[in-house]
Amino acid sequence: MRGQRRAALLSTARLRSPRTVVPRGRRVVRLLVRLRVPVLLAWGALGLVGVFAAFGLSGRLSTSLSVPGAESQRADAVLARDFGQNVEGGFTIVVPVQGDDAARLALIGSRLRHVARQLPGAHLTTLEPAGGILQAELSTPLDLARAADITARVRGLLQRAGLKDAGVTGAPALQHDLTPVLAADLHRGEAVAVVVALAVLVLILGPSPLAVLPLVVAGATMAGALALVDALSHVVLMVLYVPNLVALVALGVGVDYGLLFAHRFREELVANGGAVEDALVVAWDRAGRTVLASGLAVAVGLSALLVVSVPFVRSLGVAALVVPLVAVVAALSLCPALLSFAGARTLRSARRRAARQGTWRRVAALVVRRRVTLLTGSLLVLGGLAVPGLWLRVTPGSLTALPHDLPAARTLAVVRNRVGGGSLTPIEVVIETGTSGGALRPAVSGATLRLARALLADPAVEIVAVGTRPPYVDAGRRSRLVVVVGREDFGAPATLRLVGDLRTRLVPAARFPAKTTVLVGGAPAQGVDFIAHVDGELPLVLALVLVLAFVVLVVAFGSPLLALGAIVLDALSVAATFGLLVLVFRVGIGADVAGLYRVGAVEAWVPVFLVALLFGLSMDYEVFLVRRMREARDAGLGTGDAVIEGMARTGRIVSAAALVMVGALSGLWLGRVAGLQELGVGLALGVALDAIVVRGVLLPSVVAVLGEANWWHPLRRAPRPPDPVRTGGSC
C-alpha cells in the first residue's frame, strides 16, 4: 500500500507539472546554438592560450613563505641592506674536504669566489669546515623565482671551476629541482584522473559521444583557468603548486558539471521524443541553474581565502577561485553548442541507457524509514573520526619530506648527516643600533655576549656564531649579527620553540640598550611567522565561509533551516577530515601502502585551504541533492517522498561526480611533494565522506526528521505554484 501511495503521489506530481519550456531559456539556447561555431572556435583559441600559458607560468612561480610586515621580513630587510644577504635568493654550496689542510681550503675558497664574480651582484660567505664538508653561502640580489632560474648556471660554473664534487642547495635550488617533479606528477595525475573519469562516464552515459562531452568541458576549464592564472601571475605572487592544483581541481569540477548537463539532456531527449531543442532548453534551465548555484557555492568557499594576509595562501585561493567560475561558463556555453549536434544515434543510445533508479529509491526509502537511527549513527561516526583532529600539528614545511633523488635534496642530506639540519637554515638575530659605530659599543657588545651564552645553554642549539668583524658586523658598524645553528631542521618543533624563546625570553633577558632594535630572522623565524599568521586568520576564514555559505544556500534552497543544517553537517565533515589526516600522516594508517610521507605535522597552509575548498565542494553536492528535493516538494510531494524522489533522481549522478572528483584529486596524493600529498588526501577523503555519509545518509535523514519545517521561509508570502518545467529527469 505504501509503495502504491508513493507511485500515485509521483504520478500526481507529474500531472501537476506539464512539460512546457521556459521562454527565456529557449532564447538563450537558440542564441548559443546559432553561434555554436564561434563559441567552439573561441574555446579552441582559449585552449591554445592555456597551453602556452602553462609552459610560461613556471618562470613566475615561487615557494616563498614570506609574511609582509612580520618580524622575520623586517629582519630580512636589514640583512639585505646592511649585510648583503638575500634569504630567499641565496644558495648553499657544499664542498667535501679532507682534514683541515689550509692550502686546500684556500684553493677551494678562491674557486668559490671566482664563481661568485661570474654572477652580477653576488657575493660569497664561507664558513669553517665541519664534519668533512665546507659550506659557503652564495647570495644573489635576485628574488626566489629568478634565482631558481640560474641554478643550472651556478652548478655549471662550479663544474668549470674544478669543483666537480660540490653540491648546491638552498631555496632557489630546491625550487628549480622541484619544478620538473611537479610537472611529471601533474602529467601522471592527469592520466589517472582521465582514465577514472572516462570509466565513470561510460558507465553512466554509455559508450556514446555524450561520454566525451564532460571531458571537453573539463579541458576547456583547465585551459581557461590556466590562462587566467598566467595573467594574474604578472601582478600577484603565485606559488609553485598552483598548476597542479588548478589543473586537477579543474578536471574534477569540469567533468562534474559536464556530466550533470549531459545526463539531464539525455533524459529530456528521451522524454521529448528526440526534440533536441526542447531537451536543451529544459536541461539548460534545470541543470544549468544547478551548475550555476554549485559553481557559486564553490567560489564562495574559496573567496574567503582572499582575506588571508599571507601571499602563499592567498595565491592558492586566487588560483583555485578561478576554476569554478570558468567551469560554469564552460558548461553553460559548450554543452548547448555541442549537444545541438545530437541526432537519432544519440536518441537511440539515450533510450538504451535509461536511468535506473530502483537501487537509490530503495536506499532513500530506508533512510526515510530509519531516519532517527541513521542520523544518530552517522553523527557518532563523524564525531569519532573528528576526535584525532585534536592532535593535528602544523609546520611551515619540512626539509626531510622531499623526493630523495633531487640534487638539492641529496646535498641537504649530506649536510644533515654530517653537521645537522639546523646549519642549512640558521636563525639570524639582527641587532640594529641606528648609529654609525653603535654596533660595537660596550653596552651592545655586553648584551650580545649575554644572549650568546644563554643560547649556548639551550639544548636545541648546536652553534652560536658572533664576532666584531664582517660578516658579523656591517661596514658602517651600525648593525651586528648573531647566527644560531639549531640541532634540527627549520620546521621541527624544537626549532620553532627556540624562535619563540628568543623573541619572548632570551632577547629581553639580554638587556640591550634603549633604542636598539633586535629582530629574529632567518628561515625558522619566517616559518614561525607564517604559522602564526595562517593560524591566526583561520577563524576569520572559517567565519566568512560560514556566513557566505549560509547566504548562498538560503538562495539555492529557499530555506534558512535547510541552509543552517547543511552548514553544520559540512563543519562536521571537515572536522572528520582533519581527524583522518592525523590518522594517515601522523599515526601512519595506510601511509606506507599509499606511498605517502610519514610526517608528524602537516604544512600550515593545508588546513586553511582544506576548510575553504571542502566547504565549497560540500555545498556543491548538497545543491545537487536539495534542489532536486525542492523541485519534487514544489511539485506537490510530501517531505518524505520528496527526499526519496530527490535521492532516486540524483543518486547515480552525484555519486559518479564524487567518484570523478576523488579520481582527479588522487593526482595530488600520488605525487612526490608532501604538501600536495596532504592536500590531495584531505580533499579526497573529505569528498568521499561528504558523498557517502553526509549526502547519502545525514542530510536526507535531517530533512526527513525536520519534515515540513524544512520549507519555511520568513519572506515567503504564499505557497509557490507548481513549477512550469517538468520534474522528471535528474538534477
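These legends describe close-up views of a predicted model. Local features need pLDDT of at least 70, side-chain atom pairs count only at pLDDT 80 or more, and totals for chains, interfaces and linings use all residues. Residues are numbered from 1 along each chain as its sequence is written, and side-chain values use heavy atoms, without hydrogens or water.

**View A. Helix H22 packs with helix H24.** H22 spans residues 605–634 and H24 spans residues 674–706 (helices are DSSP runs of H or I, at least four residues, numbered from the N terminus). Their axes lie 9 Å apart, at an angle of about 30° (axes are lines fitted to C-alpha atoms over the stretch in contact; angles run from 0 to 180 degrees between N-to-C directions). The two helices are therefore roughly parallel (angles under 35 degrees). The residues of this contact divide into 19 nonpolar, four polar and four charged (nonpolar: Ala, Val, Leu, Ile, Met, Phe, Trp, Tyr, Cys and Pro; charged: Asp, Glu, Lys and Arg; polar: the others, Gly among them).

**View B. Ser 62 lies in strand E1.** E1 covers residues 61–62 (strands are DSSP runs of E, at least two residues). Ser 62 is buried, with a relative accessible area of 7% (buried means under 20%, with a 1.4 Å probe and protein chains only). Beyond its neighbours within four places in sequence, Ser 62 contacts Leu 144, Gln 175, Leu 237, Met 238, Val 239 and Leu 240 (heavy atoms within 4.5 Å).

**View C. Four strands form an open sheet.** The order is E9-E10-E8-E11, with antiparallel pairing (two strands pair if DSSP finds at least two bridges between them). E9 (461–465) and E11 (517–521) stand at the edges, each with a single partner strand, so one side of each lacks a neighbour in the sheet. The twist averages 20° from one strand to the next. E8 (residues 427–432) pairs with E11 over five bridges. Ile 431 has Val 518 in E11 as its bridge partner.

Note on methods
Angles under 35 degrees count as roughly parallel, over 145 as roughly antiparallel, 65 to 115 as roughly perpendicular and the rest as oblique. Buried means under 20% relative accessible area, exposed over 50%, partly exposed in between (1.4 Å probe, protein chains only).
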